[in-house]
Amino acid sequence: PKDRNTINITGYWPKKLVHYLSVYDDGFQPVHFHLPVIRLAGLYLLCAEALNELNGPGEEAYGYINAVRLRAGLPTVQAAWSTYATNPNKYQTQDGLR
């Protein structure tokens with residue numbers, strides 16, 4: 001390309017950052033859309049971290065973490081630590097959950 005300001009220099013097209021109807025062929029026809037600034041999963045984990053720092057581990061913090069884990073197809077924090085960890089109660093401490 002002649003213009004390095006409007007295209008990625010590597011040649012890879014970052015599809016997750018553009019609207020799916022945007023077309024790049026012989027010209028560029030963008031379709032504007034609102035890019036989320038923060039994902040909901042990131043917000044949940046941030047809230048769980050703040051709750052852990054404020055009150056230590058608790059059901060509310062586990063609820064936010066488990067919402068993200070269950071959507072990803074992972075077992076809950078309690079089930080995973082109890083089943084697979086060498087120290088199964090570590091998640092019940094503030095440092096362990098951190």
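**Figure 1. Buried residues of helix 3 in the predicted model.** Val77, Gln78 and Ala80 are the buried residues of helix 3, where buried denotes under 20% relative accessible area, exposed over 50%, and partly exposed the range in between (1.4 Å probe, protein chains only). Helix 2 and helix 4 (94–97) are among the elements that cover these residues; contact means heavy atoms within 4.5 Å. Helices (H or I, at least four residues) and strands (E, at least two) are DSSP runs, numbered from the N terminus. This is a predicted model, in which local features need pLDDT of at least 70 and side-chain atom pairs count only at pLDDT 80 or more, whereas totals for chains, interfaces and linings use all residues. Residues are numbered from 1 along each chain as its sequence is written, and side-chain values use heavy atoms, with hydrogens and water left out.

**Figure 2. Overall arrangement of the protein.** The protein contains four helices and two strands, which follow the pattern β-β-α-α-α-α along the sequence. Of the 98 residues in the protein, 17% are buried. Among contacts between residues at least 6 apart in sequence, 27% join residues at least 24 apart.

**Figure 3. Packing of helix 2 against helix 3.** Helix 2 and helix 3 (residues 77–84) pack at an angle of about 85°, and their axes lie 9 Å apart. Axes are lines fitted to C-alpha atoms, for helices over the stretch in contact, and angles run from 0 to 180 degrees between N-to-C directions. Helix 2 is therefore roughly perpendicular to helix 3; angles of 65 to 115 degrees count as roughly perpendicular, under 35 as roughly parallel, over 145 as roughly antiparallel, and the rest as oblique. Helix 2 contributes Glu59, Tyr62, Ile65, Asn66 and Arg69 to the contact, and helix 3 contributes Val77, Gln78 and Ala80. By class, this contact of helix 2 with helix 3 has four nonpolar, two polar and two charged residues. Here Ala, Val, Leu, Ile, Met, Phe, Trp, Tyr, Cys and Pro count as nonpolar, Asp, Glu, Lys and Arg as charged, and the others, Gly among them, as polar.

**Figure 4. Packing of helix 1 against helix 2.** An angle of about 155° relates helix 1 and helix 2, with their axes 8 Å apart. Helix 1 is therefore roughly antiparallel to helix 2. In this contact, Ala41, Tyr44, Leu45, Cys47, Ala48 and Leu51 of helix 1 meet Glu60, Ala61, Tyr64, Ile65, Ala67 and Val68 of helix 2. The residues of the contact of helix 1 with helix 2 comprise 11 nonpolar, no polar and one charged.

**Figure 5. The largest nonpolar core and leucine 97.** Eight residues form the largest nonpolar core: Ala48, Leu51, Ala61, Tyr62, Ile65, Val77, Tyr91 and Leu97. Helix 1 (40–55) and helix 2 (59–71) each supply at least two residues of this core, and helix 2 provides the largest share, three residues. A nonpolar core is a set of buried Ala, Val, Leu, Ile, Met, Phe, Trp, Tyr and Cys residues joined through side-chain atoms within 4.5 Å. Apart from residues up to four places away in sequence, Leu97 touches Asn52, Pro57, Ala61, Tyr62, Ile65, Val77, Lys90 and Tyr91.

**Figure 6. Surroundings of asparagine 52 and glutamine 94.** Asn52 is located in helix 1 and is buried, with a relative accessible area of 3%. Beyond its neighbours within four places in sequence, Asn52 is in contact with Pro57, Gln94, Leu97 and Arg98. Gln94 belongs to helix 4 and is partly exposed, with a relative accessible area of 28%. With neighbours within four places in sequence left aside, Gln94 is in contact with Asn52, Glu53, Gly56 and Pro57. The C-alpha atoms of Gln94 and Glu49, 45 residues apart along the chain, are separated by 9.8 Å.
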